[in-house]
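I opened this notebook to record what I looked up about the metal sites. The entries follow in the order in which I worked.

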Amino acid sequence: MTYETIIGLEIHVQLATKSKMFCSCAVEDGAAPNTNVCPICMGHPGTLPVPNAQAIQLGLMAALALGCEIPEYSKFDRKNYFYPDLPKGYQISQYDQPLAKGGTVTIVIDGKEKKIRFNRLHLEEDAAKNTHPEQASYSLVDFNRAGTPLAEIVSEPDLRSPAEARMLLQQLQTLLRYTGASNADMEKGQMRCDANVSTRCVETGESTKISEIKNLNSFRSVERALTYETARQQQIIADKKLAENVKETRGWDDAKGETYGQRNKEEANDYRYFPEPDLPPLHMTVAVVDAARHALPELPDAKRIRFMDEYGLSADDALRLVGDRALAAYYEAVVSELAAWFESEKITPASHRKIYKLASNYILAELLKHLKNNKESVAQLKITPENYAEFIKIVHKGEISSSAAQMVLDVMYQEGKDPSDIIREKDLAQVSDASALAELVAAVIAKNPSVVAEFKGGKANALQFLVGQVMKESKGKANPQLVAGILTEKLQ
Ligand code: ZN
Ligand code: MN
């Protein structure tokens with residue numbers, strides 16, 4: 001049987017405001033519990049909400065970055081439910097007239113682009129945070145989070161695999177960080193994901209009901225939970241148990257690696273939505289929308305395409321560079337150094353893209369590894385773009401071997417030094433002087449008569465052994481192409 005997985009995501013992102021959605025309490029990471037609270041966000045009777053202009057502006061920027069359409073009017077509604085984390089007994093959200101509609105994000109899967117559509121983006125306030133101490137007979141509520149501004153972004157069910165879902169979230173995180181709308185750090189709960197998943201049997205057309213998996217709080221758990229749930233749903237179809245299958249909300253147990261049934265899923269009318277009487281509709285004039293649009297930087301998708309066009313990078317490499325705004329800026333600073341060098345030394349255009357690619361390769365393969373191992377960010381990098389560009393020139397010209405290049409980059413990473421100084425101090429320059437190499441070659445030939453005889457007898461790979469011996473004698477500094485040439489010449 002062939003199965004198709006259909007996934008849609010609902011993503012809550014915390015907007016990067018200084019204060020809450022409807023009161024002036026601070027939004028602060030790591031504050032002592034219940035210190036950033038007031039009568040409004042505690043839901044005291046007689047208080048009135050006042051919308052936060054910065055939250056609306058950031059929500060608008062995020063929506064424009066997704067390519068959403070912005071209706072002229074949107075409104076707030078009350079979503080009613082009863083839970084200890086909701087002091088008013090309702091959440092102020094947006095129901096039938098959201099801030100923004102539509103939009104898309106392009107993901108890249110195996111080098112191929114795929115557009116994922118969005119249904120909407122709306123504004124709402126966050127609930128408080130419940131904690132359930134182990135073994136305790138009580139729960140704790142921290143109201144600092146109550147009233148924090150959120151944008152809820154709802155995708156269309158366009159995703160077809162757990163890997164696509166993860167990629168969409170990563171793209172969305174990048175996009176939100178570019179716009180400054182949210183830090184979107186999943187570990188800090190600034191981006192939280194609920195996933196709707198169902199499975200269809202292609203041959204019979206049978207389909208499971210939708211499971212909504214709640215509160216996935218890392219990229220990894222999104223992918224794992226969806227992989228588990230997909231397999232579970234396929235089994236339901238295979239076992240012919242569709243009659244018992246219900247639409248439900250499921251939790252994710254990260255330690256056990258499985259989803260579990262929580263409750264049957266609510267329908268919208270269970271929430272008794274009605275317009276928020278204390279807030280007027282939001283009016284998004286053309287001027288307001290244009291101002292937000294002009295405030296946007298170059299977005300990751302446009303940057304990725306430009307990197308591919310201008311620097312000849314592959315889709316995957318461009319995507320990785322663009323994934324971190326600071327890394328993309330670093331790469332472009334390096335590129336401008338290299339461009340100045342092309343100009344001054346009349347480097348032929350045919351080599352430009354090869355060198356841009358070399359610069360990208362060492363960043364993606366080596367620099368990122370160093371950053372990861374040291375748990376550092378691009379901002380902490382000691383290597384200036386000038387020095388990094390200098391390093392790329394040296395590698396391109398073949399002045400050091402590839403193993404020496406790694407060593408040089410290592411020292412540059414630790415100490416931020418100029419690569420030429422490191423090469424001089426450590427005596428790493430590749431020996432390309434033919435007469436010096438000829439001496440080494442002669443010595444190796446004299447020491448290995450049997451291998452030389454094998455080569456002359458037609459065993460071609462004996463040459464590789466001899467090249468290796470010369471490299472060893474030179475302590476890795478000989479230029480291997482030159483050595484092979486000199487050896488071949490001497491043996492014929
Ligand atoms: Zn407050
Ligand atoms: Mn919501």
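Which geometry does the site of the zinc ion (ligand 1) have? I worked from a predicted model. I took the angles among the 4 donor atoms, found them to be 100 to 114°, and recorded the site as tetrahedral. For that label, all angles among four donors must lie between 85 and 135 degrees.

I then listed the protein donors of the zinc ion (ligand 1). They are the SG atoms of Cys23, Cys25, Cys38 and Cys41, at 2.3 to 2.4 Å from the ion. Along the sequence I read their spacing as C-x1-C-x12-C-x2-C. I placed both Cys23 and Cys41 in the loop between strand E1 (3-14) and helix H1 (53-65), so this pair ties together parts that are 18 residues apart in sequence.

I next checked accessibility, with under 20% relative accessible area as the limit for buried. Cys23 is buried at 10%, and Cys41 is buried at 6%.

I turned to the manganese ion (ligand 2). I found its protein donors to be His12 through NE2, and Glu124 and Glu152 through OE, at 2.0 to 2.2 Å. I noted their sequence spacing as H-x111-E-x27-E. His12 belongs to strand E1 and Glu124 to strand E7 (residues 112-125), so I recorded that the pair ties together parts 112 residues apart in sequence.

His12 counts as buried at 14% relative accessibility, and Glu124 counts as buried at 2%.

Conventions. Residues are numbered from 1 along each chain as its sequence is written. Chains are lettered from A and ligands numbered from 1 in the order in which they are written. This is a predicted model: local features need pLDDT of at least 70, side-chain atom pairs count only at pLDDT 80 or more; totals for chains, interfaces and linings use all residues. Side-chain values use heavy atoms; hydrogens and water are left out. Donors are N, O and S atoms within 2.8 Å of the metal (3.2 Å for Na, K and Ca); water is not among the atoms, so sites may look incomplete. Four donors count as tetrahedral if all angles lie between 85 and 135 degrees; four count as square planar and six as octahedral if opposite donors are over 155 degrees apart and all others between 65 and 115; anything else is irregular. Helices (H or I, at least four residues) and strands (E, at least two) are DSSP runs, numbered from the N terminus. Buried means under 20% relative accessible area, exposed over 50%, partly exposed in between (1.4 Å probe, protein chains only).
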